[in-house]
Amino acid sequence: TPLPTSSPRSSPNILITGTPGTGKTTAAGMVADAAGLELVTVGDLIKQRNLHDGYNEEFDTYWLNEDKVVDEMEEMMAGGGMCIDFHTCGFFPERWFDLVVVLRAGTQQVYDRLKSRGYKQNKIEENLDCEIMQVVADEARESYKAEIIMELTSNTIEDMEDNVEKIVAFVNGFRSSHK
Ligand code: DAT
């Protein structure tokens, strides 16, 4: 488990990232509830506040405008206590986060979850390749210190519960050492 960093925040900012279908939104919601963090699902924020450059018809998604997202989030990250959920992680400022959780899941699990979400075949395949090639885990390692990265398996409900417990334990440990 990563040790709390020497951050000026009294409550940590946490990023939960991973390929779509690995369970980020579910885990982030549970962590935010259990630990009393404020949840930001970046995908929703992008839609609500138009932080994109239009719609990508081929992949049924918005073209991400990284600068707009960072500008919009800067103020909310300043006070700490945020739980952020997004499927890519390299464009956020490194200083924002005290813990970066990368969720990982098996090919079958990701496939089933995205299929039941109604994703088109090309979008399912792109995301499966992303998970198999460990794209998000590599991006996290390139963007954040190894000490703050927690890579967790999210195949089963039991995994999910264990993961939430570990993340909440980190938050509590961080708070007691940053009083
Ligand atoms: P993401 O936000 O990474 O796209 P999600 O949280 O929306 O993923 O989860 C996708 C679906 O899979 C959703 O129906 C909940 C389910 N799920 C997520 N993590 C799971 C796990 N560890 N075990 C079983 N089901 C899980």
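Visitor: Which side chain has an N or O atom 3.0 Å from a nitrogen atom of the ligand?

Guide: A polar contact is a pair of N or O atoms within 3.5 Å; within protein, one must be able to donate a hydrogen and the other to accept it, and residues adjacent in sequence count only if both atoms are side-chain atoms. Here the side chain of S154 places an N or O atom 3.0 Å from a ligand nitrogen. A polar side-chain atom of T26 is 2.5 Å from an oxygen atom of the ligand, and a polar backbone atom of N155 is 3.5 Å from a ligand nitrogen. The model is predicted: local features need pLDDT of at least 70, side-chain atom pairs count only at pLDDT 80 or more, and totals for chains, interfaces and linings use all residues. Residues are numbered from 1 along each chain as its sequence is written, and side-chain values use heavy atoms, with hydrogens and water left out.

Visitor: How many residues surround the ligand, and of which classes?

Guide: A residue is counted as near if one of its heavy atoms lies within 4 Å of the molecule. The ligand is surrounded by 15 residues, the closest being G21, T25, T26, R117 and T156. Ala, Val, Leu, Ile, Met, Phe, Trp, Tyr, Cys and Pro count as nonpolar, Asp, Glu, Lys and Arg as charged, and the others, Gly among them, as polar. On that basis the shell has 9 polar, 3 nonpolar and 3 charged residues.

Visitor: Which element gives the most to this shell?

Guide: Helices (H or I, at least four residues) and strands (E, at least two) are DSSP runs, numbered from the N terminus. With 3 residues, α1 gives the most to the shell.
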